[in-house]
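Please examine the sequence and the structure shown below before reading this report.

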Amino acid sequence: MHISILSGSTRLNRQSHRVALALEKIINGQGIHTAGVLDLARYDFPMMEEVLHRHPNPPAGLADFAEEVRHSDAFIFVSPEYNGSYTAGLKNAIDYLKEREFAGKVIGVASVTAGMLGGIRAALAMQQLVLGIAGYALPQMLTVGQVSQRFDADGNVLDPLFEKNIDNFLGHFCWLAEAVTEKKMAEVAVL
Ligand SMILES: Cc1cc2nc3c(=O)[nH]c(=O)nc-3n(C[C@H](O)[C@H](O)[C@H](O)COP(=O)(O)O)c2cc1C
């Protein structure tokens with residue numbers, strides 16, 4: 001199973017990207033599934049003027065991004081909380097694609113704040129977004145408060161107590177994503 005982690009902050013000196021890097025590192029380190037970060041700061045998409053399949057002159061990198069999404073079995077959306085929701089950049093990137101790129105795939109959400117609260121409003125809003133693109137929203141979420149005390153810039157976990165939260169989230173995520181992916185593979189095998 002290949003898992004794409006959408007890192008939703010494009011801010012200079014962003015902190016939440018640490019969480020995306022950490023999840024990538026942990027999943028790859030487990031050696032069961034592969035994971036890669038789709039970094040929206042690196043893609044640097046302009047505000048959506050038209051969806052990809054109707055765009056006369058798609059922005060650089062958009063076709064590659066769509067291809068990465070298409071080939072992914074499951075996703076984790078990582079976003080800071082901005083004014084009570086997830087980032088505009090995350091919504092913008094997703095709006096370029098067809099709903100079916102995400103449909104029927106398990107999507108977990110991780111919200112991040114510099115303060116104590118962890119951004120539960122962003123996490124809940126992302127779960128609504130997942131329903132909007134016909135994904136299977138994982139009920140469990142990873143909320144990360146005080147991000148710079150818990151993760152370093154390379155995505156290493158600094159707070160050993162927080163590792164339990166990550167393990168718990170990834171345990172639920174992998175269970176559901178594996179179940180859905182295996183079911184699809186079994187259906188293909190019968191054809
Ligand atoms: C535009 C903006 C809006 C923010 N809104 C919230 C918010 O609603 N709740 C919160 O706890 N923190 C909020 N913050 C603080 C962020 O949690 C903090 O800046 C965090 O580091 C942002 O993630 P980033 O560094 O990846 O961009 C906001 C920050 C910015 C820049």
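## Basis of the report

This is a predicted model, in which local features require pLDDT of at least 70 and side-chain atom pairs count only at pLDDT 80 or more, while totals for chains, interfaces and linings use all residues. Residues are numbered from 1 along each chain as its sequence is written, and side-chain values use heavy atoms, with hydrogens and water left out.

## The ligand and its shell

The ligand is surrounded by 13 residues, where a residue is near a molecule or strand if one of its heavy atoms lies within 4 Å of it. The closest are Arg11, Gln15, Ser16, Tyr82 and Asn83. By type, the shell consists of three nonpolar, six polar and four charged residues. In this classification, Ala, Val, Leu, Ile, Met, Phe, Trp, Tyr, Cys and Pro are nonpolar, Asp, Glu, Lys and Arg are charged, and the others, Gly among them, are polar.

An N or O atom in the side chain of Tyr82 is 2.5 Å from a ligand oxygen. For Ala114, a backbone N or O atom lies at 3.2 Å from an oxygen atom of the ligand, and for Arg121 a side-chain N or O atom is 3.4 Å from such an oxygen. On its own the ligand has 610 Å² of accessible area, of which the protein covers 72%; accessible areas come from the Shrake-Rupley method with a 1.4 Å probe, and for residues only the protein chains shown count as cover.

Ser16 belongs to the loop between strand E1 (2–7) and helix H1 (17–30). Helices (H or I, at least four residues) and strands (E, at least two) are DSSP runs, numbered from the N terminus. Is Ser16 buried or exposed? Ser16 counts as buried because its relative accessibility is 3%; buried means under 20% relative accessible area, exposed over 50%, and partly exposed in between (1.4 Å probe, protein chains only). Apart from neighbours within four places in sequence, Ser16 is in contact (heavy atoms within 4.5 Å) with Ser9, Val78, Pro80 and Val112.

## Strands E1 and E2

E1 and E2 pair in the parallel sense over six bridges; two strands pair if DSSP finds at least two bridges between them. Ile5 stands opposite Val37 in E2. Of the six residues of strand E2 (residues 34–39), five are buried.

Asp39 lies in E2 and is buried, with a relative accessible area of 11%. The side chain of Asp39 reaches the backbone nitrogen of Ala41 at 3.0 Å. Beyond its neighbours within four places in sequence, Asp39 is in contact with Ser7, Arg14 and His17.

## Positive phi angles and an exposed tryptophan

Most residues other than glycine have a negative phi. Asp44 has a positive phi near 55 degrees and is found in the loop between helix H2 (40–43) and helix H3 (62–70). Ala134 has a positive phi of about 60 degrees, and its place is in the loop between helix H5 (120–132) and strand E5 (136–144). Asp44 is exposed at 61% relative accessibility, whereas Ala134 is partly exposed at 30%.

Trp175 is part of helix H7 (residues 162–190) and counts as exposed because its relative accessibility is 63%.

Technical notes
A polar contact is a pair of N or O atoms within 3.5 Å; within protein, one must be able to donate a hydrogen and the other to accept it, and residues adjacent in sequence count only if both atoms are side-chain atoms.
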